[in-house]
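Morning, everyone. I have one structure to walk through today. Let me put it up on the screen.

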Amino acid sequence: MARFLTFLAVLSTTFRAHGTPTEAAPAAKSSYCAKFDDLPENPGGFDPATDPVGTYKGISYLGFVVATQHNSAEKYFNIPSQPNIINSGTQSRDLYGGSPALQINTTATGGPKDTFTLTSLRLACLVTNGALTSNANGCTVLFVGNKRSGARSVTYEYEYPNQNTNPGPGTPLATFGTVTFPNNFKGLSEVFISLTAVQNDVIGVDPLLDNVCLSIQG
Ligand SMILES: *[C@@H]1O[C@H](CO)[C@@H](O)[C@H](O)[C@H]1NC(C)=O
């Protein structure tokens, strides 16, 4: 056995000495689907500035708050994994500016050059229209991923279908869609999410997220 290990060690040294031009893929430090269910329920504040999700398992969810079916708009949605989801906060885009983002927090992960691969997530669009009712109307979601290496950004567009335009008693709960990212969503330092509602007469549109599946490489 000892001899076999020595042989392997020599082999790998030889390979390194002759050098392959591309570096080996960084090792996965962790791989998981974030369900946010161990976070405290939001006491009712929907301002990401005062009630932020913050950093969860190495990723900072910028511009997001925790929400549950107890909240006035989320009660119309079938939550993928109970009880929590994250929401970019009522009218966050309109009132607080910027688009919500997922950003690797290398202080939390411990590796200053760490990156992440975004695999999939569950998403619904919460659309607030002119009558100030919030529901799951159609929306176009653009994900822009920035690479740690400085390579060209990657983009992916997802269409969330119209679910129901008249939430209320007897209306089935709206379902979340599943976004599966192409395999160039890797080596990322951040992913911005921007939404455009399909209908007119819209005051705000927010992404609701759950089951964010990713892996962190270092
Ligand atoms: C990043 O993580 C560190 C350590 O956990 C934390 O103190 C800091 O607030 C986090 N930054 C953001 C933007 O969430």
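Which residues are around the ligand? Gly54, Thr55, Ser60, Asn105, Thr107 and Ala108. Keep in mind that this is a predicted model.

Where does that shell come from? Two elements each supply at least two of its residues: β2, spanning 54–56, and α3, spanning 106–109. The shell has five polar residues and one nonpolar. Charged residues: none in the shell.

Step back to the whole protein. The model has three helices and 13 strands. The protein runs to 218 residues, and 36% of them count as buried. Now take the contacts with a separation of 6 or more. Residues 24 or more positions apart account for 75% of those.

One more residue, please: Gly111. You will find Gly111 in the loop between α3 and β7, with β7 covering 115–129. So is Gly111 buried, exposed or partly exposed? Partly exposed, because Gly111 has 16 C-beta neighbours inside 10 Å. Buried would take 20 or more, and exposed would take 12 or fewer.

What is Gly111 in contact with, leaving aside neighbours within four places in sequence? Thr106 and Gly218. Then there is Lys29. Lys29 and Gly111 are 82 residues apart along the chain. Their C-alpha atoms are separated by 9.8 Å.

To recap the ligand shell: β2 and α3 each give at least two residues, and the shell has no charged ones. Over to you.

Notes: Residues numbered from 1 in each chain as written. Predicted model: local features only at pLDDT ≥ 70, side-chain atom pairs only at ≥ 80, totals over all residues. Helix = DSSP H or I, 4+ residues; strand = E, 2+ residues; numbered from the N terminus. Contact = placed C-beta atoms within 7 Å. Near = placed C-beta within 6 Å. Nonpolar A, V, L, I, M, F, W, Y, C, P; charged D, E, K, R; others polar.
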